[in-house]
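Me: I am new to this structure and would like to know what stands behind the words used for it. Please set each value against its definition.

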Amino acid sequence: MADWKRNPFVLGPLIGLLTGMLWWAGLMIASGPSVAVTIEGGSVVEREITVASRLLYAPIAAIPWAAVGLLVGAIAAAVRGPWVPVAAAFGTVGGGVYSLATSPFDGWLAITMPICCLVGGLAGTAVGVLLRAVGRLIQHAR
């Protein structure tokens, strides 16, 4: 039986899913509660949307994060070494910082932020592969 803790095809999506769920929870807590206003029977009706009710969507919002985690895990398994996951993590954080710095703090952040984070994570993966390749070239040159 293969050790699932070392299997990148299990660990990558699991870490991605957990990261995505934490991201969603953080964004929903930062956004705070809101109110939905509708017109029902000619009357304006306000319904509070709590943070807790939005936290229920965390596993669904984390699916793209799990997919990127699978890709990063597969590439990290092929390349072998810490460069890929570390660079992917830095890229993800960098994408989040970029999104927060350039986007208004509104409802669109729930769409723009994961795009920036996931693109940053994939770019970080490419940088990690490049760093590993350069490291191997330097090792073989010695």
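Me: Why is E48 called exposed?

Reply: E48 has 55% relative accessibility, so E48 counts as exposed; the term means over 50% relative accessible area, with buried under 20% and partly exposed in between (1.4 Å probe, protein chains only). E48 lies in strand 2, residues 43-49; strands (E, at least two residues) and helices (H or I, at least four) are DSSP runs, numbered from the N terminus. The model is predicted: local features need pLDDT of at least 70 and side-chain atom pairs count only at pLDDT 80 or more, while totals for chains, interfaces and linings use all residues. Residues are numbered from 1 along each chain as its sequence is written, and side-chain values use heavy atoms, with hydrogens and water left out.

Me: Which residues is E48 in contact with, leaving aside its neighbours within four places in sequence?

Reply: They are P33, S34 and V35, where contact means heavy atoms within 4.5 Å. S34 is 14 residues from E48 along the chain, and their C-alpha atoms are separated by 5.9 Å.

Me: What makes S99 count as buried?

Reply: The relative accessibility of S99 is 0%, and therefore S99 counts as buried. S99 belongs to helix 5. Beyond its neighbours within four places in sequence, S99 is in contact with L109, T112, M113 and C116.

Me: What makes up the lining of the largest pocket?

Reply: The lining divides into 13 nonpolar, seven polar and two charged residues. Ala, Val, Leu, Ile, Met, Phe, Trp, Tyr, Cys and Pro count as nonpolar, Asp, Glu, Lys and Arg as charged, and the others, Gly among them, as polar. Helix 4 gives the most, with seven residues.

Me: Which residues form the aromatic cluster?

Reply: W23, W24 and W65 form one aromatic cluster. The whole structure has two aromatic pairs; rings of Phe, Tyr and Trp (its six-membered ring) pair if their centres lie within 6.5 Å.

Methods:
Phe/Tyr/Trp six-rings, centres within 6.5 Å; stacked < 30°, edge-to-face > 60°.
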